[in-house]
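Please view the structure first, and then follow the account from the overall dimensions to individual residues.

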Amino acid sequence: MDQGSLPPVFSATAEVDGDQLRVLVTGEVDMATADTMFQAALREPARRVTLDLRAVTFFDSAAIHALVRLAQRFPGTLTVLPSPRVRRVLEISGLGEQEWLRPA
């Protein structure tokens, strides 16, 4: 669907730099898009993954599930950069103190 000049509702792009993968996620992460975010983080082989969620405007339980799966897949090597909304959802869900979650 053409949204004209409006930003996309969701996008997940991956960039590789050596053994580091950076996944930039924008828009709404929900049950329709959470697996796309998850798959973007697995698209390229990498030892370290940074999930940049600073442009995420909505984050539901499917998104939380995908994030927890990534944390299990990349133990000790995942970094999550949350938007204020993502941070709030993670705090409410009891995940606000995870070592992979960075300050906003």
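What percentage of the 104 residues of the protein count as buried? In this predicted model, the share that counts as buried is 41% of the 104 residues.

**Overall form**

The C-alpha trace of the protein spans about 40 × 35 × 20 Å along its principal axes. For 104 residues, a compact globule would have a radius of gyration near 13 Å, and the protein agrees with this, having 13 Å. Among contacts with a separation of 6 or more, 61% are accounted for by residues 24 or more positions apart.

The protein contains 3 helices and 4 strands. Their pattern, read along the sequence, is β-β-α-β-α-β-α.

**The sheet**

The 4 strands form an open sheet in the order β1-β2-β3-β4, and the pairing is mixed. Strands β1 (10-17) and β4 (78-82) each have a single partner strand and stand at the edges, so one side of each is left without a neighbour in the sheet. From one strand to the next, the twist averages 15°. Strand β2 (residues 20-29) pairs with strand β3 (residues 48-59) in the parallel sense, over 9 bridges. Within this pair, leucine 21 has valine 49 of β3 as its bridge partner.

**Helices against the sheet**

| Helix | Residues | Strands contacted | Angle |
|---|---|---|---|
| α2 | 61-73 | touches β2, β3 and β4 | about 170° with β3 |

In helix α1, the buried residues are Ala34, Met37, Phe38, Ala40 and Ala41. These residues cover an arc of only 160° around the axis, which puts them on the same side of α1. The buried residues of α1 pack against β1, β2, β3 and α2.

Alanine 41 is found in helix α1 and is buried, its relative accessible area being 0%. Not counting residues up to four places away in sequence, alanine 41 touches Leu21, Val23, Val49, Leu70 and Phe74. Alanine 41 is 15 residues from threonine 26 in sequence, and the C-alpha to C-alpha distance between the two is 14 Å.

In soluble globular proteins, nonpolar side chains tend to be buried together. The largest nonpolar core here has 30 residues, of which Val25, Leu51, Phe59 and Leu78 touch the most other members. Two or more residues of this core come from each of β1, β2, α1, β3, α2, β4 and α3 (84-92). Helix α2 gives the largest share, 6 residues.

Which residues does leucine 51 contact, leaving aside its neighbours within four places in sequence? They are Val23, Val25, Met37, Leu67, Leu70, Leu78, Thr79, Val80 and Leu81.

**Threonine 79**

Threonine 79, one of the contacts of leucine 51, lies in strand β4. Is threonine 79 buried or exposed? Threonine 79 has 11% relative accessibility and therefore counts as buried, the cut-off being under 20%. Apart from neighbours within four places in sequence, threonine 79 is in contact with Arg48, Val49, Thr50, Leu51, Trp100 and Arg102.

Technical notes:
Residues numbered from 1 in each chain as written. Predicted model: local features only at pLDDT ≥ 70, side-chain atom pairs only at ≥ 80, totals over all residues. Heavy atoms only, no water. Pairing = 2+ DSSP bridges. Axes fitted to C-alpha atoms, helices over the stretch in contact; angles between N-to-C directions. Contact = heavy atoms within 4.5 Å. Buried < 20%, exposed > 50% of the residue type's maximum accessible area, 1.4 Å probe, protein only. Arc of directions from axis to C-beta. Core = buried A, V, L, I, M, F, W, Y, C linked by side-chain atoms within 4.5 Å. Rg over C-alpha atoms; globule rule 2.2 N^0.38 Å.
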